[in-house]
Amino acid sequence: MEKWFFINWQAIFVPSISIFELIIRGSLVYLALFSVLRLLPSRQLGTLGITDLLVVVLFAEAAQNAMASNYTSITEGAILVGTVIFWSYLLNWLSYKLPQFQRFLNPPPLLLVKNGRMIERHLQRELITDDELMSKLRQQGVEFLADVKLAYIEADGTISIITSDSKTSSAPEQKVALKSDLH
């Protein structure tokens with residue numbers, strides 16, 4: 001009965017491994033996973049597919065032990081969370097301050113359609129089929145490929161479409177590219 005009310009405050013708050021080691025482990029795993037995910041063609045239609053979800057879950061499981069060894073205290077968990085938040089903020093800050101770093105974090109828009117013609121090489125690079133692209137165009141109200149002047153896949157996976165009729169319009173609001181919620 002005594003065990004029910006006994007609290008080991010030291011185990012809750014005192015780290016069992018070096019704080020510096022936690023920060024190094026957290027930093028290395030965060031940067032390694034960031035690099036791997038940045039190299040994968042994740043812009044594919046701006047969706048989180050089952051394989052993407054599986055990768056995230058498996059990464060989380062694998063990274064947990066690599067980041068923390070066998071941590072048990074709240075302090076160790078807070079240090080790891082703080083390390084991840086720090087790197088996330090730092091990378092976003094660097095991309096804001098350094099345009100060349102922004103290009104690494106967020107790839108520039110990639111042209112998929114020009115003057116009604118698909119650019120197959122770019123579609124293949126992003127693993128987008130002709131049918132998937134046409135589906136996204138139809139969702140934006142574009143029935144025929146010939147009506148598309150330019151279509152780009154953005155860094156976040158959305159597709160911006162500029163139709164041929166937008167060049168004849170004099171209103172600047174109609175010249176803004178349409179964004180799609182790619183599903």
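# A walk through the predicted model

Start by selecting arginine 25, which is partly exposed at a relative accessible area of 24%. Here, partly exposed is the range between buried, under 20% relative accessible area, and exposed, over 50% (1.4 Å probe, protein chains only).

A word before you go on: this is a predicted model, in which local features need pLDDT of at least 70 and side-chain atom pairs count only at pLDDT 80 or more, while totals for chains, interfaces and linings use all residues. Residues are numbered from 1 along each chain as its sequence is written, and side-chain values use heavy atoms, with hydrogens and water left out.

**Stop one: salt bridges.** The term stands for a side-chain nitrogen of Lys or Arg within 4 Å of a carboxyl oxygen of Asp or Glu. Both residues belong to helix 3 (residues 19-39), four residues apart, or about one helical turn. Helices (H or I, at least four residues) and strands (E, at least two) are DSSP runs, numbered from the N terminus. Glutamate 21 is partly exposed, at 31% relative accessibility.

The structure has two salt bridges. To see another, select arginine 125 and glutamate 126, whose side chains meet at 3.8 Å, N to O. Glutamate 126 is buried, with 6% relative accessibility.

**Stop two: aromatic pairs.** Three of these turn up in a search of the whole structure. Select tryptophan 9 and phenylalanine 13: their ring centres are 6.2 Å apart and their planes lie at 5°, so this pair is stacked. Rings of Phe, Tyr and Trp (its six-membered ring) pair if their centres lie within 6.5 Å; planes under 30 degrees apart are stacked, over 60 edge-to-face, and the rest tilted. Both residues sit in helix 2 (residues 9-13), four residues apart. Tryptophan 9 is exposed at 53%.

Now move to phenylalanine 86 and tryptophan 87, an edge-to-face pair with 5.3 Å between centres and 70° between planes. Is tryptophan 87 buried or exposed? Tryptophan 87 is buried, with a relative accessible area of 18%, whereas phenylalanine 86 is partly exposed at 46%.

**Last stop: confidence.** Colour the model by pLDDT, the predictor's confidence in each residue, from 0 to 100. The protein chain averages 77, and 75% of the residues score at least 70. Confidence is lowest in helix 4 (residues 50-68), at a mean of 66, and highest in strand 2 (residues 117-118), at 94.
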